[in-house]
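Colleague: Could you take me through this one? I'd like to begin with the side chains.

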Amino acid sequence: MPNPPKFDPQRGTRGRGGVALPASGRQGDPPPWPLPGRHSLDERRAWEQLWATPQAVAWEQLRWTRTVARYCRVMIAAEQPDATAALLAQATVLEDRLGLTPKSMRLLLWHVAADEVSEQRAKSAGARGRVRAVGKV
């Protein structure tokens with residue numbers, strides 16, 4: 001198996017096509033359920049959770065709604081106590097294809113961008129706790 005491509009966010013993509021995903025995840029409501037038939041309550045919850053992840057930004061650009069829906073169905077079935085090894089393997093394959101594991105994110109050249117605003121806010125909040133106002137005497 002070939003080595004995965006190297007991506008260093010500090011050095012830039014240099015033609016490698018890396019994609020920065022927002023740390024806050026995808027904003028807004030999830031897309032409509034694309035598969036025929038009704039989906040279960042568990043599938044709906046999984047659908048909503050998946051579409052709030054950073055990876056969902058890339059899925060939306062790539063129009064992978066049907067693949068994510070199939071993953072929801074397989075994931076819920078694979079989490080049942082009587083799940084077969086084949087079903088568990090299929091869930092693992094779809095996780096990799098959708099960039100839901102660290103290794104697959106590296107292979108897809110996806111990385112979660114640092115949320116610099118939150119980091120600065122946390123630093124300044126810590127500094128405010130140490131500063132005291134001096135009153136006039």
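Modeller: Start with aspartate 42 and arginine 45, whose side chains form a salt bridge at 3.9 Å, N to O. The term means a side-chain nitrogen of Lys or Arg within 4 Å of a carboxyl oxygen of Asp or Glu. This is a predicted model, where local features need pLDDT of at least 70 and side-chain atom pairs count only at pLDDT 80 or more, while totals for chains, interfaces and linings use all residues. Residues are numbered from 1 along each chain as its sequence is written, and side-chain values use heavy atoms, with hydrogens and water left out.

Colleague: How far apart are aspartate 42 and arginine 45 in helix H1?

Modeller: They are three residues apart in helix H1 (residues 41-50), so about one helical turn separates them. Helices here are DSSP runs of H or I with at least four residues, strands are E runs of at least two, and both are numbered from the N terminus.

Colleague: Why would such side chains pair at all?

Modeller: Side chains of opposite charge can pair when their charged atoms come close.

Colleague: Which residue does glutamate 43 bridge to?

Modeller: Arginine 73, with the closest N and O atoms 3.2 Å apart. That pair links distant parts of the chain, since arginine 73 sits in helix H3 (residues 65-78) and glutamate 43 in helix H1, 30 residues apart. Glutamate 43 is buried at 9%, whereas arginine 73 is partly exposed at 28%.

Colleague: What does arginine 44 do?

Modeller: Arginine 44 forms a salt bridge with glutamate 48, again with 3.2 Å between the closest N and O atoms. Both lie in helix H1, four residues apart, about one turn. Arginine 44 is partly exposed at 45%, as is glutamate 48 at 35%.

Colleague: How many salt bridges does the structure hold?

Modeller: Four.

Colleague: Switching to the fold, what pattern does the chain follow?

Modeller: Along the sequence the pattern is β-α-α-α-α-α-β-α, with six helices and two strands.

Colleague: And how much of the chain is buried?

Modeller: Buried residues are 26% of the 137 in the protein chain. Of the contacts (heavy atoms within 4.5 Å) between residues at least 6 apart in sequence, 64% join residues at least 24 apart.

Key:
Buried means under 20% relative accessible area, exposed over 50%, partly exposed in between (1.4 Å probe, protein chains only).
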